[in-house]
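Here is a short briefing on one protein model.

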Amino acid sequence: MPPRRRTDPVVGASALSVWRADPEGVDRATRGTAVRYLLEELGTRAPGRSVEVRVPPYGAVQCVEGPTHTRGTPPNVVETDAETWLRLATGDLRWSEALADGRLRVSGIRARLEDLLPLVDATGVTR
């Protein structure tokens, strides 16, 4: 079962639109809403608990089917900053590029999400 959304999709899409219009000028609350919206979108599209995607301090989501993890640090983790996550999820940045220049930290054999990204097209509509 996909995770319950905490971010209203309309509010999340609006925050994403504001971020896309001015990535450097967007306020922290709007950036956080956009990040959480796209994390929840990933969790909805790839339900499961074998990979944890972290975007501190804004949020995290468990996703991808496979062996579940229950205690301690999960074996499959993707961690990045908000700007990188937003750019990956919108297709403005390729997975391999973010990985190569150290903006993306990945551990575990299941923690490769490039086939699931981007989550939205150039207009902000979920794919």
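H1 and H2 cross with a left-handed sense. The model is predicted. Helix H1 covers residues 9-21 and helix H2 covers residues 28-45.

**Helix packing**

- H1 and H2 pack at an angle of about 120°, and their axes are 8 Å apart.
- That angle makes H1 oblique to H2, because the roughly perpendicular range ends at 115 degrees and roughly antiparallel starts over 145.
- From H1, the contact draws on Pro9, Val11, Gly12, Ala13, Ala15, Leu16 and Val18.
- From H2, Thr30, Thr33, Ala34, Tyr37 and Leu38 meet them.
- By class, this contact of H1 with H2 has 9 nonpolar and 3 polar residues, and no charged residues.

**Sheet layout**

- Four strands form an open sheet in the order E2-E1-E3-E4.
- Pairing in this sheet is mixed.
- Strand E2 (59-63) and strand E4 (104-107) stand at the edges.
- Each edge strand has a single partner strand, so one side of each is left without a neighbour in the sheet.
- From one strand to the next, the twist averages 10°.

**Strand pairs**

- Strand E1 (residues 51-55) and strand E3 (residues 77-80) run in the parallel sense, paired over 3 bridges.
- Val53 has Val78 in E3 as its bridge partner.
- E1 and E2 pair in the antiparallel sense over 5 bridges.
- Arg54 has Ala60 in E2 as its bridge partner.
- A hairpin of 3 residues connects E1 to E2.
- In a regular strand, side chains alternate between the two faces of the sheet.

**Helix on sheet**

- H2 lies across E1 and E2.
- The helix H2 runs at about 5° to E2.
- H2 also packs with H1.

**Leu104**

- Is Leu104 buried or exposed? Its relative accessibility is 4%, so Leu104 counts as buried; the cut-off for buried is under 20%.
- Beyond residues up to four places away in sequence, Leu104 touches Val78, Glu79, Thr80, Leu88, Trp95, Ala98 and Leu99.
- One of these contacts, Val78, is also the bridge partner of Val53.
- Leu88 and Leu104 are 16 residues apart along the chain, and their C-alpha atoms are separated by 9.9 Å.

Technical notes
Residues are numbered from 1 along each chain as its sequence is written. This is a predicted model: local features need pLDDT of at least 70, side-chain atom pairs count only at pLDDT 80 or more; totals for chains, interfaces and linings use all residues. Side-chain values use heavy atoms; hydrogens and water are left out. Axes are lines fitted to C-alpha atoms, for helices over the stretch in contact, and angles run from 0 to 180 degrees between N-to-C directions. Helices (H or I, at least four residues) and strands (E, at least two) are DSSP runs, numbered from the N terminus. Angles under 35 degrees count as roughly parallel, over 145 as roughly antiparallel, 65 to 115 as roughly perpendicular and the rest as oblique. A crossing is left-handed if the near helix is turned anticlockwise from the far one by less than a right angle, and right-handed if clockwise. Contact means heavy atoms within 4.5 Å. Ala, Val, Leu, Ile, Met, Phe, Trp, Tyr, Cys and Pro count as nonpolar, Asp, Glu, Lys and Arg as charged, and the others, Gly among them, as polar. Two strands pair if DSSP finds at least two bridges between them. Buried means under 20% relative accessible area, exposed over 50%, partly exposed in between (1.4 Å probe, protein chains only).
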